Amino acid sequence: MNFQKDSIYASPIGEVSAFNFDETVVRVFPDMIQRSVPGYSAIISAIGLLAGRFAGEHSVCYDLGCSLGAATLSMRHQITASNCRIIAVDNSPAMVARFQEVLQKDQAKIPVEILCADIRELAIENASVVVLNFTLQFIPQADRFDFLQKIYQGLLPGGILILSEKLKFDDDRQQELQTQMHHVFKKAQGYSDLEISQKRTALDNVLIPETLAQHQNRLQQVGFSSAEVWFQYFNFASLIALK
Ligand code: GEK
């Protein structure tokens, strides 16, 4: 598969436009997410391990905001439950088209259905595992409660939601430190100050992070019996919520 190094924001851009998951992003996406999200590979691996444990017979595993399907493929290679299938959904036509190509090269046997749709409109049923890997942060805040409630209702008893997000912090010093350390991480991955600052502008008002407490309170309010962080690397965290 022909993916390139991310240099989208390497040259000065007069007016940086809002970030969009289009063909330009798709071409560099694996490199971009790997070098931008601390712990991304570890989270993808663990999603597979969790699906191996929680995916139930005759149930569905959902990968919502699947992009190029990294979490789907990780689950697909770990699930052993019979008659289990994966539904992977993204509303970017460019992502979905490329994921179709990626999937054709994967040999694992668990059936995967890829849908180009808005995950807020999707029916979620008979789910044993739902993955929201850095997707909820792109859903308007006003829609997040109802969307998570729908996921809760679609999960089977004993099912899990894996929710990974960029976090913000109430404490100003903590917010400043964690933001700076994320930038240090990106510089260590080869991004320049210009790339970091132009990407930040592009994501303004597009990626809306919340605090850990906001996530945990809302998960509890929609009905999850417990929601705990299993992984955190600076301002990026992943939670397991249990129905
Ligand atoms: C991974 N989970 O590699 N409906 C459907 N898809 C959406 C919506 C929506 N309303 N809003 C955003 N998306 C992936 C990474 S990327 C995270 C997820 C990032 C999609 C959007 O098109 C994009 O593909 C994805 O959510 C977010 O494990 O790039 O930081």
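I started with what α7 packs against: its buried residues sit against α1 (23-36) and α6 (172-188). Contact here means heavy atoms within 4.5 Å, and buried means under 20% relative accessible area, exposed over 50%, partly exposed in between (1.4 Å probe, protein chains only). Helices are DSSP runs of H or I, at least four residues, numbered from the N terminus.

This is a predicted model, where local features need pLDDT of at least 70, side-chain atom pairs count only at pLDDT 80 or more, and totals for chains, interfaces and linings use all residues. Residues are numbered from 1 along each chain as its sequence is written, and side-chain values use heavy atoms, with hydrogens and water left out.

Next I listed who is buried in α7 (residues 193-203): E195, I196, Q198, K199, A202 and L203. Just past the end of α7, I noted N205 with a positive phi of about 65°.

Then I looked up L219. I found L219 in helix α8 (residues 212-222), and L219 counts as buried because its relative accessibility is 0%. Leaving out residues up to four places away in sequence, L219 touches L148, L161, L163, F224, A227, L239 and A241.

Last stop was D172. I placed D172 in helix α6, and D172 is exposed because its relative accessible area is 65%.

Note on methods
Helices (H or I, at least four residues) and strands (E, at least two) are DSSP runs, numbered from the N terminus.
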